[in-house]
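Let us take a walk through a protein structure together. Keep the picture in view and follow along as we go from one part to the next.

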Amino acid sequence: MARAALIDHYRKLLPLTHRTPVVSLMEGFTPLIRAPRIGEIVGAQVYLKYEGLNPTGSFKDRGMTMAVSKALEAGAQAVICASTGNTSASAAAYAARAGIRCVVLIPEGKVALGKLAQVAIAGADLVAIDGNFDEALNLVRDLSDRFPLALANSVNPFRIDGQMTGAFEVVDELGDAPDYHALPVGNAGNITAYWRGYQAYKAAGYSRRLPVMLGFQAAGAAPIVLGRVVDQPETVATAIRIGNPASWATAVAARDESGGSIDAVTDDEILEAYQLLVRSEGVFCEPASAASVAGVIKRSKQHPFRKRDVIVCVLTGHGLKDPQTAVDCTKEVARCPAALDALAGLLGLR
């Protein structure tokens, strides 16, 4: 028997009505993968919430199924978003599924190729602006105020509602909330959503406790850590290259209410964790995703975890979102004559 769509499955905890047309690509229900080798490094039990296995390859699909469903209920004929990549890919796919127009603004030259390809092939109206993500977001907010365009960014509260389901799934899988929940922080909607999700699940009686929330920004795009807007954010982790997060205040609330922290990790730390994930655990994520693991490793050196601690690290997107970074991090392909002895010698076989 086919399972229910994600938001239908958690309907009791979401603002759906009998009139809401559920627009779904069968998102969610992503695996929670035990990471024993990373666990050895940090001295705790580590699990990876692998959101790269959503339909468009990122966690954005959780919020987008909700946002587009509610937009369709309200009679919208088009959605619009600003994006560093993953939001645009998701919005384009769900708009296509709903049969409505999608308009996407991106910062020129700042979006990974894998994400651009998804937007283009889905038929969205794609516009690159001479500016950063924050400027693009201001433009789409103004356009959605003036024209009949449903805003699909995480400032739309329905996006946050949909993304809460990630927390529900973690509790369903573990039997309770983890001790720590770590994730990358870019526009800060995801840390906001997970915290609200854990709170909602506990209030509904599905869990007994709440986790400590650990957020990690890239050092070159760390406005929350610095306490000020970063006008020109720069990082290899393109998905979190944001200098003025739309959900800044609610991310700080999640940090403070949970007794957690939001810290920064360098690009070198992100890329080291990015390679560690696939080489030690076999899990291929995009660079921004690895910020959660990089941050937990860094924190473990400063504030050791207990062996019994359960840590869930969200990997927000699939590695194929940014193939160029993967290519840049690997050795050149070895070349060899098509001869058995030559091949054995090259591989060091005796």
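Before we start, one term: a helix here is a run of at least four residues that DSSP labels H or I, and helices are numbered from the N terminus. Keep in mind, too, that this is a predicted model.

With that term in hand, find helix α15, which covers residues 340–346 and includes L343. Is L343 buried or exposed, or something in between? Its relative accessibility is 39%, and therefore L343 counts as partly exposed.

Now let us turn to the sheets. Strands of a sheet pair through backbone hydrogen bonds, and the pairing can be parallel or antiparallel.

Strand β1 runs antiparallel to β2 (residues 45–50), and three bridges join the two. You can find two of the facing residues by eye: I33 has L48 in β2 as its bridge partner, and R34 stands opposite Y47 in β2. How enclosed is β2 by the rest of the structure? Five of its six residues are buried, so β2 is largely enclosed.

Strands β2 and β10 pair in the parallel sense, over six bridges, and K49 has V314 in β10 as its bridge partner. Strand β10 is mostly covered, with six of its six residues buried. Look at how its side chains are arranged: V310, V312 and V314 point one way, while I311, C313 and L315 point the other way. Moving on, β7 runs parallel to β10, and three bridges join them; here H181 stands opposite V312 in β10.

In the loop between α13 and β10 you will find R308. Because its relative accessibility is 58%, R308 counts as exposed. Leaving aside its neighbours within four places in sequence, R308 is in contact with Q45 and D179. R308 and G52 are 256 residues apart in sequence, and 27 Å separates them in space, C-alpha to C-alpha.

Finally, look for another open sheet, this one of four strands with parallel pairing, in the order β5-β4-β3-β6. Which strands stand at its edges? They are β5 (125–129) and β6 (150–151), each with a single partner strand, so one side of each is left without a neighbour in the sheet. Strand β3 (residues 78–82) pairs with β6 in the parallel sense over two bridges, and the bridge partner of I80 in β6 is L151. Helix α6 (residues 133–146) packs on this sheet and touches β3, β4 (101–107), β5 and β6. The direction of α6 makes about 155° with that of β3.

Technical notes: Residues are numbered from 1 along each chain as its sequence is written. This is a predicted model: local features need pLDDT of at least 70, side-chain atom pairs count only at pLDDT 80 or more; totals for chains, interfaces and linings use all residues. Side-chain values use heavy atoms; hydrogens and water are left out. Buried means under 20% relative accessible area, exposed over 50%, partly exposed in between (1.4 Å probe, protein chains only). Two strands pair if DSSP finds at least two bridges between them. Contact means heavy atoms within 4.5 Å. Axes are lines fitted to C-alpha atoms, for helices over the stretch in contact, and angles run from 0 to 180 degrees between N-to-C directions.
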